[in-house]
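Let us look at this model together, one question at a time.

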Amino acid sequence: EFCSSLADIMLLEVFLVLGTVIIYFLLSKKKEETLPFKEGWWGKGQKPDTEEDTTVWPFKVETTEEELSDLFRRLDQARFTEPLENSCFHYGTNSMYLRKVISYWKNQFNWKKQVEVLNKYPQFKTKIQGIDIHFVHVKPPRLPEGQSAKPLLMVHGWPGSFYEFYKIIPLLTDPASHGLSDEHIFEVICPSIPGYGFSEAPHKKDFNSVSAASIFYELMLRLGFNEFYAQGGDWGWLICTNLAQIAPNHMKGLHLNLASVTNMGFSHLLSILLGRYLPGLFGFQDEDVRRMFPFLKEGLYRMLLESGYAHIQATKPDTVGCGLNDSPVGLAAYILEKFSTWTDLEFRNLEDGGLERKFNLDDLLTNIMIYWVSGCIVSSMRFYKENLQKGIGTQKHERLTVQVPTGIASFPNEVMHTPQAWAQKKYTNIVSFHFMPRGGHFAALEEPELLAEDILQFVGKVEKEQLWRKK
Amino acid sequence: QTILCLPRSFEYSQKNAVLVSAAALGVGGMLVYWLRSRHKIKTIEMGDGWWGLGERLVKGKEDESIRPFKIETSDKEIEDLHRRLEQARYAPPLEGAAFHYGFNSSYLQKVVAYWRNQFDWRKQVEVLNKYPHFQTTIEGIAIHFIHVKPSYVPHGRAVQPLLMVHGWPGSFYEFYKIIPLLTEPAGHGLNEGDVVFEVICPSIPGYGFSEAPHQKGFDTIATARIFHKLMNRLGFKEYYLQGGDWGSRITTNMAQMLPQSVKGLHLNFVFISRQGLRRMISVMLGAYVPWLVGLTREDVRRTYPFIQKNIYELLRESGYLHIQATKPDTAGCGLNDSPVGLAAYILEKFSTWTDKSFLHKDDGGLESKYSLDELLTNVMIYWVTSSIVSSMRFYKENFSKYPGLTADARVGVYVPTGIAAFPQELVHTPHAWAKEIFKNIITYSYMPRGGHFAAFEEPKLLAQDIMHFVRKVEQL
């Protein structure tokens, strides 16, 4: 039975490959066209006739006694289910460990103090395409003579937030005080994706990564930046990539800590089947082989095991998010599971999910609180449906390449590994590609120094040779 | 090929002779084995299990008593529920979303308002208790079931024992409307001849009032074994089985495990886990020459367009399955803490799996087929027993192994089988495909209407088909 199924799978693969090749040749056009800016209006009801208000106003995170007592009441009434014996984190977040987190949340976590931490960086809001866009804007405390700050847009993902960048921001705005070279100093802009945190959620359907990229493009222009760098991982990777495709002339460089390939083809399939035996032929390095093979285990099974959340969020976001918006404990379990598994897959074998090895509970809970107090879990999940509902690899922007100078930091514990050989097909101008020594998906929060160093060396290369002019 | 090449060289004739006879014996042996194996019915091994806390106590026999059970509630339980319903936080739906993004929260607020203000749980508990409930300990865990006997049996009529198994996100409660039609057909306008049943509806361990297994590995085969033990303990040697959703796979496993105990197997849902080249070809040809691959016109109507119905729609509707089969404890955590979240999650299935076109409705079409009281009673069973997480774990335990390698993958089903194919079921399995596993299909019916929750939605249709099937089996 197994053998015949294997034969069937291979036959199916051959058909699929042939089909893909034929379609590829039929439909491939010149892939250097730009992605058009996506107009939209995401506010409630009808778009008004008046001109959009373009003011930027300061914003502060606030909390109330009522908000806190409501939270505590819910934490107190939490109902847990005993985990199976010896299940660790294999069935999801272990409820024994979750109880400890809830206890800390109730008794030691100080949300008022964390709100002050959040407010230490200046935050603002502005209305774009009908919705309020929240962002953090941090300028360097001091600039050496003759130097100007380089604008850097940093975009978070799910289930993260602008808060993930709070540790790396000082390394980029004030590198000298942190033992890094101050050849390049940045002013950092971290927006919240619409539907996440303090950015208003779109009220209309169809808000995808290209919509977000268009809005962030308008944001940068509104802030007066004609040229800027962009950095992103998770959804931030896709949004920044789209931004590079929409406005290549404004983007000096694109830095990514995740570089997925959504447009798989015949050559990818071939490299999966044979890449382990003939790595050189497919441009694989030793580290690529180590991280990717055996492909079934390291690639396919891992993907299947870890993508349940994406599947349900891409199909029924309102259903799955409903309970999470009503139960902070459920929300914490759902989000913490990702911070555990996506930081190191081995953490699934630990009873406490290894969470406190790389993060502290205050940071983890602050991120969760952003989802809780803004009530944004449902809208954050809708982003999956808007981006994935037509399938992976089917949208126009997925077929377009990126010519902007690109730097990729490849972290070892990222869930899926993308070798440079594959990334090159999409990012045609890779200036730097480094295998990072440690770290997982939430690079900015987990390994801020490593990420900052890689960003700095990338920008250094781009600036030295003025690569953005050579596109 | 070896045999054909051999005759060339006559110098090695002696060696050849030995080789040829060995080969002939080998081939002959294989032929005999193949002929033999076609007649021997393969079964699933029964095995044994232990699902209680800690280590199994070697000394002493397990308590086999059957204890009457009554569902109870308290003011505290109801007040806690009401408080959570009142404090529910909703996210407004996107404009024009209907049920395409999942359960519409505007409609959900209406359901919750009814739940808080009109739904009477104490009254529903009395409804639940109208049938006799019991619990008994098997393999270390308490198994809950209801056992309904006909109140009046005409002289000379045999009463057929019938085990009916629910699925997810259902419960034993789904059978409450169909039970009277089976135990008292005459009293419900069914007067269908000689068939009268006594019905046993257990709760799958981890669901409702059956204790949840404390050990890993509790799958449909373990459930099948436990339910056989249950029937045995109740004194039944031979019985009929009926199931849909997980109930379908469990009862199928029961038929594969102890065919001699199963008089007949009736399914309103068929799990076909075997894919294959033959299936693919059948699918591709079936669109153009259905008669060639054994498909009827109705099969074609329900199965095609294939990619749309069987791949695209299935992908769209299987997100819950994917996350429950991989991270059940995460998926269920919030649902065990927020009754509103639990209701949205469960009722979404009662909408979409009853009729796919309900996706386009702002209210998910729920109240066109069910009453809020019965829908919420089912949700309450999950809520008061805190069983949502353990119910989800069942997916992980059953989908962990590669489908072709599970114990039941190569075992056929030889007991008399009846299949009721409902038009709005998630996937349609034509008779031609079901035959590959179910070798003894006595009845296959295209039901005129109804979806996944057949017993709940169309109890009369289902009851009629069960009777029709059982009558045929009894005549055999």
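**Strands, turns and an interface**

Student: Over how many bridges do strand 2 and strand 3 of chain A pair?
Tutor: Strand 2 of chain A covers residues 123-128. Strands here are DSSP runs (E, at least two residues), numbered from the N terminus, and helices are runs of H or I of at least four residues. Two strands pair if DSSP finds at least two bridges between them. Strand 2 and strand 3 of chain A run antiparallel, and the number of bridges is 6.

Student: What kind of model is this, and how are residues numbered?
Tutor: This is a predicted model, in which local features need pLDDT of at least 70 and side-chain atom pairs count only at pLDDT 80 or more, while totals for chains, interfaces and linings use all residues. Side-chain values use heavy atoms, without hydrogens and water; chains are lettered from A and ligands numbered from 1 in the order written, and residues are numbered along each chain's sequence from 1.

Student: Which residue in the turn between strand 2 and strand 3 of chain A has a positive phi?
Tutor: The two strands form a hairpin with 2 residues between them. A:Ile128 stands opposite A:Ile131 in strand 3 of chain A.

Student: Is A:Gln129 buried or exposed?
Tutor: Buried means under 20% relative accessible area, exposed over 50%, and partly exposed in between (1.4 Å probe, protein chains only). A:Gln129 has a relative accessible area of 4%. A:Gln129 is therefore buried.

Student: Why is strand 3 of chain A described as largely enclosed?
Tutor: Look at both faces. On one side, A:Ile131, A:Ile133, A:Phe135 and A:His137 are buried. On the other, A:Asp132, A:His134, A:Val136 and A:Val138 are buried too. Strand 3 of chain A is largely enclosed by the rest of the structure because its buried residues number 8 of the 8.

Student: Which residue is the bridge partner of A:Phe135 in strand 5 of chain A?
Tutor: Strand 5 of chain A covers residues 186-191. Strand 5 and strand 3 of chain A run antiparallel, joined by 4 bridges. The partner of A:Phe135 is A:Pro191.

Student: How much area do chain B and chain A bury between them?
Tutor: Contact means heavy atoms within 4.5 Å. By that rule, 65 residues of chain B touch 66 residues of chain A. Buried area is the accessible area (1.4 Å probe) that two parts lose on being put together, summed over both. With 51% of it on carbon and sulfur atoms, the buried area is about 5,800 Å².

Student: Which residue of chain A meets B:Lys327 in a salt bridge?
Tutor: A salt bridge is a side-chain nitrogen of Lys or Arg within 4 Å of a carboxyl oxygen of Asp or Glu. Chain B and chain A have 3 salt bridges between them. At 3.0 Å, N to O, the partner of B:Lys327 is A:Glu306.

Student: Which residue joins B:Tyr304 through a cis peptide bond?
Tutor: Here omega is about 0 degrees. The loop in question runs between helix 10 (297-303) and helix 11 of chain B. The residue is B:Pro305.
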